[in-house]
2 protein chains.
Amino acid sequence: MGEFELIRQYFMPLARLHGPHSVVVGPGDDCAVQRVPSGFDLVFSIDTLVEGVHFPRNYRPDYLAWRTLAVAASDLAAMGAEPTCFTLALTLPEVNEPWLWDFAGGLGKAAESFGLVLAGGDTTRGPLTLSVQVHGLVEQGSAICRSGAKPGDLVVVSGTLGDAGAALDYLLPDGSLEAGSYIEPRHPLTDEQYVLERYHHPRPRLKLGEALRHLATAAIDVSDGLLADLNHILEASSVGASVERAHIPVSPALARLKGSAATDYALHSGDDYELCATLAEATWANAPPSLKQQFTVIGVVESTPGLRLDGTTVMSGSDAVGFDHFRGKA
Amino acid sequence: MGEFELIRQYFMPLARLHGPHSVVVGPGDDCAVQRVPSGFDLVFSIDTLVEGVHFPRNYRPDYLAWRTLAVAASDLAAMGAEPTCFTLALTLPEVNEPWLWDFAGGLGKAAESFGLVLAGGDTTRGPLTLSVQVHGLVEQGSAICRSGAKPGDLVVVSGTLGDAGAALDYLLPDGSLEAGSYIEPRHPLTDEQYVLERYHHPRPRLKLGEALRHLATAAIDVSDGLLADLNHILEASSVGASVERAHIPVSPALARLKGSAATDYALHSGDDYELCATLAEATWANAPPSLKQQFTVIGVVESTPGLRLDGTTVMSGSDAVGFDHFRGKA
């Protein structure tokens, strides 16, 4: 099967998942065309996942498709954007039809779940690599940037952190994504299954991101680890922050699995794709209870640069110690 | 050097190349933000280039950067779009600073030449792979699609074809991009240098594409070979065409290098990034001479499906025999 038939058979259905949308020319032409409504800004982000670096070798194709689109869509959530469409650049070592079938199935489920229609793409031969660019919309000027945090703002995070990081312990016992194959847990336990599911099927906080628009002064999605990602906000905003270890939200499953180490997972490991945001104290006080119950206040923004955990500086200035793909896991 | 410093040092300058543009949030946040002017459509395309598949191993990084952006920008030309910005997903086996310096230099030259500002990107570790998404603008509804060709339309191509394909003979004597290293021609001749330059530095026909808007009924860029690419137009438009071999434009350099085989290069080899378009006969007759002199009429669109060369059917229905990255060179 050649490239063109492959695209037609497996990916064209993803261009027709939804009803009315802003894509006026979809896959199959030299370019796609999107009609951005008057009064809106286009928000977009490109992400690449490489086999053996960002996901295990021989990882399930349906999980891979979900993860790839979720990771990209999470960046839209962090900007408060409503998802519209995506492009997929898929590099494959060979045309493996069962693999493509499963991949397209997972991608379709994710696309439908996140409200994204396939607008275009490219398929090439080479080592398994996926680049996805997601597009979203916000009212003009309302995208939430990293640079707006102000001293006195509260620091909040959505959901619980550290689950996906802990999942790696059960996915590959040596903790490495570099070597070895995907290993199904031999004796799945409920708590293990919970954290594994958090790794396999991250849920980008799209609705929460949209709800934060006009409320948050800054936001980021937690992909590299809470400390590293919060530090990106602090650097972009030229501020510092103090965070309380006791307030970091962890799931009951993670607490049972890791005991007192659970919070370390929550502080340092990425892949949860929760949101970290800053809001003025008065904004937080007046926010709808339905929104507040999705977030936990973990600290406060301060004018002194650096990030302090229980009073001890853990990041000063430009030390980013999260997951850096050119340095390996910190 | 880590990912973040790398991005800052080498790529941030490309986000500041131009004066006023539509990118309101550039690299460094979770997403980029583009303000699409009211009354315009966003036109976009993603392309991936893999080392050893789309370009030779150890290819010069400045040439690679130019080629990558040119290949992507050429899709904008085919839609008649004005370039605005691009994202770059760069996967590198290692952080090689001299390589990055040269790559960023070539990318900057290409970006400036094509009118594209860097809006965002992702850098990851892995086998050398580049995905670029280019963005352009057209007045609402004026993008030139592949699907509008009508029986009686003339088929035209810009410039000359086959040069870049012939260059491969001088780049790698065995004609393969799969094996071997980049080889500088040992005895460069003027004609060889000319075709090599066409391969190394394709010039997407952006101004010609914009000029074709409101004139052409369909257009495509010649990336896979004239016959294969024209066939894409014919299929998308549910028409056929007859083309005259004697009218296929080849450069004097190619004619001298390849003699009577020059036209075969022009018909079958890709990488020239010229435009192939269809126009109503009356539109062509009334087109500005400055436009007409950039194009050659090579044939006519017909209602009978298939592509005929001097009366012999060379493509029928859905046979695409250009460069298919999953089948190798046809």
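Arg67(A) counts as buried because 25 C-beta neighbours lie inside 10 Å; a residue is buried if 20 or more other C-beta atoms lie within 10 Å of its own, exposed if 12 or fewer, and partly exposed in between, with C-beta atoms placed from the backbone. The model is a predicted one, in which local features need pLDDT of at least 70 and side-chain atom pairs count only at pLDDT 80 or more, while totals for chains, interfaces and linings use all residues. Residues are numbered from 1 along each chain as its sequence is written, and chains are lettered from A and ligands numbered from 1 in the order in which they are written.

Arg67(A) belongs to helix α2 (residues 61–79) of chain A; helices (H or I, at least four residues) and strands (E, at least two) are DSSP runs, numbered from the N terminus. Leaving aside neighbours within four places in sequence, Arg67(A) is in contact with Phe55(A), His200(A) and Pro202(A), where contact requires C-beta atoms, placed from the backbone, to lie within 7 Å. Between the C-alpha atoms of Arg67(A) and Leu128(A), which are 61 residues apart along the chain, the separation is 15 Å.

Chain A as a whole contains eleven helices and 15 strands. Of its 330 residues, 56% are buried. Among contacts in chain A between residues at least 6 apart in sequence, 86% join residues at least 24 apart.

Strand β6 (residues 129–139) of chain A is mostly covered, with ten of its eleven residues buried. Eleven bridges join β3(A) to β6(A), and the two run antiparallel; strands are taken to pair if DSSP finds at least two bridges between them. In this pairing, Asp41(A) has Val138(A) in β6(A) as its bridge partner. Strand β4 (residues 82–92) of chain A is also joined to β6(A), by nine bridges and in an antiparallel sense. Here Pro83(A) stands opposite Gly136(A) in β6(A).

In soluble globular proteins, nonpolar side chains tend to be buried together. Not counting residues up to four places away in sequence, Val43(A) touches Leu76(A), Met79(A), Ala81(A), Gly136(A), Leu137(A), Val138(A) and Ala143(A), together with Cys31(B) and Val33(B).

Strand β2 (residues 32–34) of chain A is joined by three bridges to strand β3 (residues 40–50) of chain B, and the two run antiparallel. Within β3(B), Val43(B) is the bridge partner of Val33(A). Altogether, 55 residues of chain A are in contact with 55 residues of chain B. Strand β3 (residues 40–50) of chain A supplies the largest share of the side of chain A that touches chain B, namely nine residues. That side divides into 26 nonpolar, 16 polar and 13 charged residues; Ala, Val, Leu, Ile, Met, Phe, Trp, Tyr, Cys and Pro count as nonpolar, Asp, Glu, Lys and Arg as charged, and the others, Gly among them, as polar.

Helix α7 (residues 226–237) of chain A is largely enclosed by the rest of the structure, because eleven of its twelve residues are buried. Just after α7(A), Ser238(A) takes a positive phi of about 55°.

His214(B), in the loop between α6 (206–212) and β8 (216–221) of chain B, has a positive phi of about 70° although it is not a glycine. His214(B) is exposed, with 11 other C-beta atoms within 10 Å. Asp271(B), in the loop between α9 (262–268) and β10 (275–279) of chain B, has a positive phi of about 75° and is likewise not a glycine. Asp271(B), however, is buried, with 24 other C-beta atoms within 10 Å.

Key:
Two residues are in contact if their C-beta atoms, placed from the backbone, lie within 7 Å.
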